[in-house]
Amino acid sequence: VQLQAYGGGLVQAGGSLRLSCVASGVIFSFNSMGWYRQVPGMQRELVAKITGGSSTNYADSVKGRFTISRGNAKKTVYLQMNSLKPEDTAVYYCNVQGVDGDSWTKFDSWGQGTLVTVSS
């Protein structure tokens, strides 16, 4: 299963961006779909995650500002980011975990990362 992420860019503080991540391949089931971010020299951190049962969890730093959702076809995950702050600047990675419908094995895939830069 491969992931392709879209939607990063440069935005002013207080602005909004929407990230998208599309999964390709045959997917039998999803355990979770999530977004992580990483700043150079720091560990990758969870931003938001949505489970197969549609429950969500968010990092405290983004609660009330970011919203994670899945597309109708269930192979796309979005991250709507509002009220962006300079400290949200990072490379954002999507992650999907589930069962591959071809090999019937578990997978844990990462997208290529998309840069979000928030200027003050």
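Predicted model: local features only at pLDDT ≥ 70, side-chain atom pairs only at ≥ 80, totals over all residues.
A search of the whole structure finds two aromatic pairs.

The charged end of Arg44 lies over the ring of Tyr93, at 3.7 Å from the ring centre. The charged end of Arg44 likewise sits over the ring of Trp110, here at 4.7 Å from the centre. Trp110 belongs to strand β10, which spans residues 106-110, and is found on the uncovered face of that strand together with Lys106 and Asp108. The covered face of β10 is made up of Phe107 and Ser109.

Strand β10 pairs with β9 (residues 90-100) in the antiparallel sense, through five bridges. Within this pairing, Gly98 is opposite Phe107 of β10. The two strands make a hairpin with five residues between them, and Trp104 in the turn has a positive phi of about 60°.

How many disulfides does a search of the whole structure find? There is one, and it joins Cys21 to Cys94 with an S to S distance of 2.1 Å. Cys21 lies in strand β3 (residues 17-24) and Cys94 in strand β9, so the bond ties together parts of the chain that are 73 residues apart in sequence. As to its geometry, the disulfide is right-handed because the torsion about the S-S bond of Cys21 and Cys94 is about 60°. Both Cys21 and Cys94 are buried.

The largest nonpolar core has 29 residues, of which Trp35, Val47, Phe66, Leu79, Met81 and Tyr92 touch the most other members. Two or more residues of this core come from each of β1 (2-6), β3, β4 (27-38), β5, β7 (66-70), β8, β9 and β11 (114-119). Trp35 is part of strand β4. Is Trp35 buried or exposed? Its relative accessible area is 0%, and buried means under 20%, so Trp35 counts as buried. The C-alpha atoms of Trp35 and Leu79 are 7.5 Å apart, although 44 residues separate the two along the chain. For Met81, with residues up to four places away in sequence set aside, the residues touched are Gly15, Ser16, Leu17, Leu19, Arg65, Phe66, Tyr92 and Val116. Among these, Phe66 and Tyr92 are also named with Met81 as core members that touch the most others.

Leaving out neighbours within four places in sequence, Ser20 is in contact with Gln4, Ala5, Tyr6, Trp35, Val77 and Tyr78.

Strand β8 (residues 76-81) is mostly covered, with five of its six residues buried. Which strands pair with β8? Strand β3 runs antiparallel to β8 and is joined to it by six bridges, with Val22 opposite Thr76 of β8. Strand β7 also pairs with β8 in the antiparallel sense, over five bridges, and the bridge partner of Ile68 in β8 is Leu79. A hairpin is formed by β7 and β8, with five residues between them; Lys74 in its turn has a positive phi of about 70°.

Most residues other than glycine have a negative phi. Ser54 is located in the loop between β5 (45-51) and β6 (56-58), and is partly exposed at a relative accessible area of 43%. Ser83, which is not a glycine either, has a positive phi of about 50°. The loop that holds Ser83 runs between β8 and β9, and Ser83 is partly exposed, with a relative accessibility of 39%.

Key: Residues numbered from 1 in each chain as written. Heavy atoms only, no water. Buried < 20%, exposed > 50% of the residue type's maximum accessible area, 1.4 Å probe, protein only. Helix = DSSP H or I, 4+ residues; strand = E, 2+ residues; numbered from the N terminus. Pairing = 2+ DSSP bridges. Disulfide = S-S within 2.5 Å. Phe/Tyr/Trp six-rings, centres within 6.5 Å; stacked < 30°, edge-to-face > 60°. Lys NZ or Arg CZ within 6 Å of the ring centre and 35° of its normal. Core = buried A, V, L, I, M, F, W, Y, C linked by side-chain atoms within 4.5 Å. Contact = heavy atoms within 4.5 Å.
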